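Here are my notes on the model you sent over.

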Amino acid sequence: MLTVNATTAKNWSELGARGTFGKTLIEVANEMPDVVVITADLADATKVREFSKIFPDRFFQVGIAEQNMVGVAAGLALYGKTVFATSFACFSSMRVCEQVRTDVAYPYLNVKIIGSHAGYAMGTLGTTHYSIEDVAIMRAIPNMVILSPADGAEVMKATFAAARYKGPVYLRFTGVENYPIVHKEEFDFEIGKAITLREGNDLTIIGTGSLVAEALGAAYLLEKDGISARVLDMHTLKPLDVKVVSKVARETGMIFTVEEHNVIGGLGSAVAEVLAEEGSSVKLVRIGTQDEFVHIATYPTLLKRCGFTSEKIYQTVKTRFE
Amino acid sequence: MTEKTRYEVIAGIEEKARMMRKLSLDMGLVAVKAGAGAHLGPGYSMTDITATLYFHIMKHDPKNPEWKDRDRFILSKGHGVLGYYPALALSGYFPVEQLLTFDTDESDLVGHPCMNLRYGIEASTGSLGHGLPIAVGYALGGKLDKKNFTVYCLLGDGECDEGTVWEAVMTANQYRLDNLVAIVDRNRLQSDGLSREIIQMDDMAEKWRSFGWLVREIDGHDVGEIMDALHMKSRPVGRPYVIIAHTIKGKGVSFFEDDNAWHYGRLTSEQAQQAYSELGFSSDGKEMPKC
């Protein structure tokens, strides 16, 4: 098992989610001989090329045929393998939706679907390659676990956790290289259990993926204004940590969710469901894509325009906090 | 015990196929009572193939359905359950009487196969174009672990309209999967009618051949031909193999044959009586085959 410290955190940050995933997968494969990898012509882009060189027999390339990739992954899993199937998030959710649902999730197979470049990480490559719907799709599929790690260290932990978990997992990777660091030292990662990164009593910001770091940044800005913000790292979007949502609803005055995803069907929706079902009167603001196809731009521009940077989250909180 | 002659082996498989068709009628009647129809035509066209696989070709052990070295059968044309469940029951995976729960409330035997190894059902299929990719995955797993089992995958010819079939066809060729045998039930009809008028695939054999597969075309109702085509000695080394089995949809009952109304139909008791008689059973259908 790799350990988290200042040096590894820095290295993983530089590698970004995909790079860290690729490195971790080799450690996972050394530990677990049944782990195999399959890709649809995106070995380089999803950083599994190194794996393919070290474990050529355990690597399968199906070409540009994502639906087939998931079907073949299901067959490998039925046979007894633990399969990591890699593609861009837009394809590994939307293009293969039915195969994920019928071939993988329904029979509860040991297939880990990797959605890299989720959200707007593709920048000027455009909307065809954006993925702001994947969480909504995967949440609606029974049996799926959805992991959305905040930084390199968490990508490492989530990859190991997915490999050890017996069943279907969707691993969502957001952000690009030089990932913002959230975890600089060893921490416990448990599927379905959110991490409280910062205590606070006035309000709570629940972040997921690489926007957790932005949520933390916003909390520091708010502190200067005398607003005490609690920050949660919701690395598991399904099953959602319902207990922690109830807890912050009881203990703090307002909840803001932050996600690089449409506000329909993602983290914000999941939190809203919990609050509504509990009859909570706590007000919720969902920061995310406001149900639109944004005009294509570079990634940093889109983060700003969608209100995902620390400064923008801070401004939204200041405007909406009551 | 002396070894059976070829004639005896064929006669034995034909008898199993006759029993399977009878049991399909029983299931069809149960389905009507439960308010459903049944895919009799697609089941009957493939019955001689599944009978040959289950009662002569495949290495499998109904008492040990999780046996790691077993041959696998994936019914990619998942609506063909009437040509599948009876083979599993007659093999001993579950009691023949259980077939009479078909399509009834809460039954394990539903209109499209639901993965259940205890019953010998390897995969959940029914969404067309999914079975062959799964079979390819199974075959890759077997190759990786140097196992000797074969994966058999039965597809419909109409199913070959699905793009994922051809994606999997290319993967099988790329990985030289000679532990994979695909069988196309070429009955030339699909849900909306004559396949030729929907998506013309007169060059079915040529298509598979051009994708690198060894192709053999047979009469899918001639058990001797099916046996020979599936024999190890007919199988290629280093490449995948497809058998295009020319069949008649509804084969075995005169008024089912080539009538697409039986793609999914509701059997009346009068029709059932005639069908039982044509199959050589008493017209009341009460006689119950044993495994």
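1. If you take the contacts in chain B between residues at least 6 apart in sequence, 76% of them join residues at least 24 apart. Keep in mind throughout that this is a predicted model.

2. What does chain B contain in the way of secondary structure? The count is nine helices and seven strands. Its radius of gyration is 18 Å, close to the 19 Å given by the globule rule for 291 residues, so chain B is as compact as a globular protein of that length.

3. As for burial, 51% of the 291 residues of chain B count as buried.

4. Now over to chain A and a sheet there. It's an open sheet of five strands, in the order 7-9-8-11-12, and the pairing is mixed. Which strands stand at the edges? Strand 7 (195-198) and strand 12 (283-289) of chain A do. Each has a single partner strand, so one side of each is left without a neighbour in the sheet. On average, and ignoring direction, neighbouring strands of this sheet are turned by 25 degrees against each other.

5. Have a look at one pair within that sheet. Strand 8 (residues 203-207) and strand 9 (residues 229-233) of chain A run in the parallel sense and pair over five bridges.

6. Helix 9 (residues 242-251) of chain A touches strand 8, strand 9 and strand 11 (254-262) of chain A, and its direction makes about 175 degrees with that of strand 9. Helix 10 (residues 267-278) of chain A touches strand 8, strand 11 and strand 12 of chain A, with its direction at about 145 degrees to that of strand 11.

7. Last, the place where the chains meet. The contact takes 24 residues from chain A and 21 residues from chain B. On the chain A side, helix 3 (66-79) and helix 5 (97-105) each supply at least two residues. Which helix of chain A gives the most? That's helix 3, with 10 residues. By type, the chain A residues that touch chain B divide into 11 nonpolar, eight polar and five charged.

Technical notes:
Residues numbered from 1 in each chain as written. Chains lettered and ligands numbered in written order. Predicted model: local features only at pLDDT ≥ 70, side-chain atom pairs only at ≥ 80, totals over all residues. Pairing = 2+ DSSP bridges. Helix = DSSP H or I, 4+ residues; strand = E, 2+ residues; numbered from the N terminus. Axes fitted to C-alpha atoms, helices over the stretch in contact; angles between N-to-C directions. Contact = placed C-beta atoms within 7 Å. Rg over C-alpha atoms; globule rule 2.2 N^0.38 Å. Buried ≥ 20, exposed ≤ 12 C-beta atoms within 10 Å, placed from the backbone. Nonpolar A, V, L, I, M, F, W, Y, C, P; charged D, E, K, R; others polar.
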